Amino acid sequence: ILDARNSEVDSKVTVEGVVAKITYANGMNPNGFFLVDDTSSIYVYSNEIAGGVSVGQKIKVAGTKTLYILESEQAPAAIHGYQGSIQLQDAALISKAEGTYEFNKEWIETTTVKQILETPMSNNITTKIFKVNAIVKEVPGVGFTNFYVNDLDDETGSYCYSLCNGGDYTYLRPFDGKICEVYLAAINCKATTSGTIYRFVPILVSEANRRSEERFSRNAETD
C-alpha cells in the first residue's frame, strides 16, 4: 500500500490488506473503505466492493491511484497547494478471504490532532492512519449532527466527514466528551479561498480499554 500511495497519478496498482473501515453515502449506502497492510493505509472508492466486504476481512484489489478533489474546491485547493485525497478508484475485487482479522498497527505513528492539522499541504497525509489521544464531541444541529475529534485542549480539532448528516457516526455517542484513543485518518481536505482544513474519519475508537465496534442497523434513522 505504501508503494501504491507513492506511485504516480493514474498508475494501475494492486494492493492487499485488511478492511479497517467502511464509509457511507446518502441513505447509509456503502461507498468505499480504508484498506491497511503492514506498510500503510489507503482509501478505496467503490460502491460495489464496499457493499460486498466487511470490516476485518482480508481482500486484494486492483485500481487506479488518484488524487481526488471535489470539483467545487479545485480552484482554492490549487491556491493553497492541496493536491487531493490519495485513493484508489475504478477498483476491482480480485480476492477475499474468510475470517476476521485486526489490521496491522505497528507502522502507525502516534501524534496529536494539532500536529495533524498543522501538517503542510506539501506532505500529503490524506487517507493515512495516525494514532492520537483526543476528545470526541457530538454537536447536534437542525436535521444533522456533527461529530468532532478534538485535541486535548478541546478546542483544536476538525469534524468527521459525513455524507449522511452524521448518521454514520452515531456509534460515537457513548464517547461524547471523553478522552479516547483514536486511530484517525484525514479522508480529504476542505479547501476554501480562506484556507484548508482536514476532514476526519475515525477508524477505531476506544476509551478505558473498551473498543468501539461500528454497528449499523438497516432500519436506523437516516437522512
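Mentor: Glu 118 forms a salt bridge with Lys 114, with 2.5 Å between the closest N and O atoms. A salt bridge here is a side-chain nitrogen of Lys or Arg within 4 Å of a carboxyl oxygen of Asp or Glu. Before we go on, this is a predicted model: local features need pLDDT of at least 70, side-chain atom pairs count only at pLDDT 80 or more, and totals for chains, interfaces and linings use all residues. Residues are numbered from 1 along each chain as its sequence is written, and side-chain values use heavy atoms, with hydrogens and water left out.

Trainee: Is Glu 118 buried or exposed?

Mentor: Glu 118 is exposed, at 51% relative accessibility. Lys 114 is partly exposed, at 39%. The cut-offs are under 20% relative accessible area for buried and over 50% for exposed, with partly exposed in between (1.4 Å probe, protein chains only).

Trainee: How many salt bridges does the structure hold?

Mentor: Seven. One of them joins Lys 137 to Asp 154, with the closest N and O atoms 2.8 Å apart. Lys 137 lies in strand E7 (residues 129-140) and Asp 154 in the loop between strand E8 (145-150) and strand E9 (157-159), so this pair ties together parts that are 17 residues apart in sequence. On labels: helices (H or I, at least four residues) and strands (E, at least two) are DSSP runs, numbered from the N terminus.

Trainee: And how accessible are Lys 137 and Asp 154?

Mentor: Lys 137 is partly exposed, at 27%. Asp 154 is also partly exposed, at 28%.

Trainee: Which residue does Lys 178 meet in a salt bridge?

Mentor: Glu 207, at 3.9 Å from N to O. This pair links distant parts of the chain. Lys 178 sits in the loop between E9 and E10, Glu 207 in strand E11 (residues 195-207), and they are 29 residues apart. Lys 178 is partly exposed, at 31%, whereas Glu 207 is buried, at 17%.

Trainee: While we're on E11, how many of its residues are buried?

Mentor: 11 of its 13, so E11 is mostly covered. E10 and E11 pair in the antiparallel sense over 11 bridges. Strands count as paired if DSSP finds at least two bridges between them. The two form a hairpin, with two residues between them. Thr 192 stands opposite Gly 195 in E11.

Trainee: New topic. Which strands make up the closed barrel?

Mentor: Five strands, running E1-E2-E3-E5-E4, with mixed pairing. Neighbouring strands of this sheet are turned by 50° against each other on average, direction ignored. The axes behind that angle are lines fitted to C-alpha atoms, for helices over the stretch in contact, and angles run from 0 to 180 degrees between N-to-C directions.

Trainee: How many bridges join E1 to E4?

Mentor: Seven, and the two strands run antiparallel. E4 covers residues 58-68. The bridge partner of Glu 16 in E4 is Lys 60.

Trainee: Pockets next. How much space lies in the second largest pocket?

Mentor: About 340 Å³. On a 1 Å grid over the protein atoms alone, a pocket is an open set of points with protein on both sides within 12 Å along at least five of seven lines; a cavity is a set where a 1.4 Å probe fits but cannot get out. Lining residues have an atom within 4 Å of a point. Grid points are joined across faces, edges and corners, and a volume is the space filled by probe spheres set on the points.

Trainee: Which residues lie nearest the centre of that second largest pocket?

Mentor: Asn 31, Tyr 43, Tyr 45, Tyr 161 and Leu 163, out of 22 lining residues. The lining divides into 12 nonpolar, seven polar and three charged. Ala, Val, Leu, Ile, Met, Phe, Trp, Tyr, Cys and Pro count as nonpolar, Asp, Glu, Lys and Arg as charged, and the others, Gly among them, as polar.

Trainee: Which strand gives the largest share of that pocket's lining?

Mentor: E1, with five residues. E1 (12-25), E3 (41-45), E5 (85-96) and E10 (179-192) each supply at least two.

Trainee: And how many cavities of 30 Å³ or more are there?

Mentor: One. The largest cavity has a volume of about 40 Å³. Its lining includes Tyr 68, Glu 73, Cys 189 and Arg 199.
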